[in-house]
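Have the sequence and the 3D view open as you read.

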Amino acid sequence: AITLDYCLGKHHKNRFQNSDLKALIELHSHNALAELEENGGSFYEESQDDMGLVPEQTNLIKGAIDLPKMSVKQCMIPFTEVETIGLDEKLTPDTIHRILESGRSRLPVYKGNNKHQIVGILLIKKLIGISLESSPSIKDLKISLRR
């Protein structure tokens, strides 16, 4: 380390503020690189199609930076808006459509009529290949639920 410091010069550690990090991430977004290309500038001769972060990636990283400042209430979905499925609910094409429209990979499963009595979490991928001819319920399928 001493030799490297002598040859290359001493390295000064920099700490970035969260706002600086988010600005840096935004500069490396796919949109920013495309805008640079449109304006006639380019850092690289290679194609920029595979360069830069897509908007989903930039949002994820910026969200992770902001996470420590957020309260649990800001992160969570109110229980009244959570998509759930009953243990005895029949899996009809309409039910499957509702599950897919939710966009979730897991759904809380409740027992009886009380949506607050959660008995487990259904992994949606376990429904792949299930025959819907007899409109089985989650209980009938004997799918193990995550607890």
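This is a predicted model: local features need pLDDT of at least 70, side-chain atom pairs count only at pLDDT 80 or more; totals for chains, interfaces and linings use all residues.

## The sheet

β1 and β2 run parallel and are joined by 2 bridges. β2 and β3 run antiparallel, with 5 bridges between them. Put together, the 3 strands make an open sheet in the order β1-β2-β3, with mixed pairing. β1 and β3 are the edge strands, each pairing on one side only. As background, strands of a sheet pair through backbone hydrogen bonds, either parallel or antiparallel.

Valine 109 is a handy landmark in β2. Isoleucine 85 stands opposite valine 109, and in β3 the bridge partner of valine 109 is glycine 120. β2 is also mostly covered, with 4 of its 5 residues buried.

## The overall layout

Zooming out, the protein chain has 7 helices and 3 strands. How much of the chain is buried? Of its 147 residues, 20% count as buried.

As for how far contacts reach along the sequence, take the ones between residues at least 6 apart: 48% of these join residues at least 24 apart.

Helix α6 covers residues 93-102, and Thr95, Ile96 and Ile99 are buried in it. Looking down the axis of α6, you'd find its buried residues within an arc of 100 degrees, so they line one face of the helix. What do they pack against? The buried residues of α6 pack against β1 (85-86) and β2 (106-110).

Just after α6 comes glycine 103, with a positive phi of about 75 degrees.

Now for α2 (residues 18-27) and α4 (residues 55-66). Their axes come within 10 Å and cross at roughly 175 degrees. Angles over 145 degrees count as roughly antiparallel, so α2 is roughly antiparallel to α4.

Which residues make the contact? From α2 there are Asn18, Leu21, Lys22, Ile25 and Glu26, and from α4 there are Thr58, Ile61, Lys62, Ile65 and Asp66. Sorted by type, the residues of this contact between α2 and α4 come out as 4 nonpolar, 2 polar and 4 charged.

Leucine 122 is in strand β3. Buried or exposed? Leucine 122 is buried, with a relative accessible area of 0%.

Setting aside neighbours within four places in sequence, leucine 122 is in contact with Ile85, Ser105, Arg106, Leu107, Val109, Leu127, Ile138, Ile143 and Leu145. Leucine 145 on that list is 23 residues away from leucine 122 in sequence, yet their C-alpha atoms are 5.3 Å apart.

## Loops worth a look

The loop between β2 and β3 holds asparagine 113. Asparagine 113 is exposed, and its relative accessible area is 81%. Aspartate 88 is 25 residues from asparagine 113 along the chain, and the C-alpha atoms of the two are separated by 9.5 Å.

The loop between β3 (118-123) and α7 (138-141) is where you'll find serine 137. Serine 137 is buried, with a relative accessible area of 4%. Apart from neighbours within four places in sequence, serine 137 is in contact with Leu87, Asp88, Glu89 and Lys90.

Serine 135 is also found in the loop between β3 and α7. Serine 135 isn't a glycine, but its phi is positive, near 50 degrees.

Notes
Residues are numbered from 1 along each chain as its sequence is written. Side-chain values use heavy atoms; hydrogens and water are left out. Buried means under 20% relative accessible area, exposed over 50%, partly exposed in between (1.4 Å probe, protein chains only). The arc is that of the directions from the helix axis to the C-beta atoms. Contact means heavy atoms within 4.5 Å. Two strands pair if DSSP finds at least two bridges between them. Axes are lines fitted to C-alpha atoms, for helices over the stretch in contact, and angles run from 0 to 180 degrees between N-to-C directions. Angles under 35 degrees count as roughly parallel, over 145 as roughly antiparallel, 65 to 115 as roughly perpendicular and the rest as oblique. Ala, Val, Leu, Ile, Met, Phe, Trp, Tyr, Cys and Pro count as nonpolar, Asp, Glu, Lys and Arg as charged, and the others, Gly among them, as polar.
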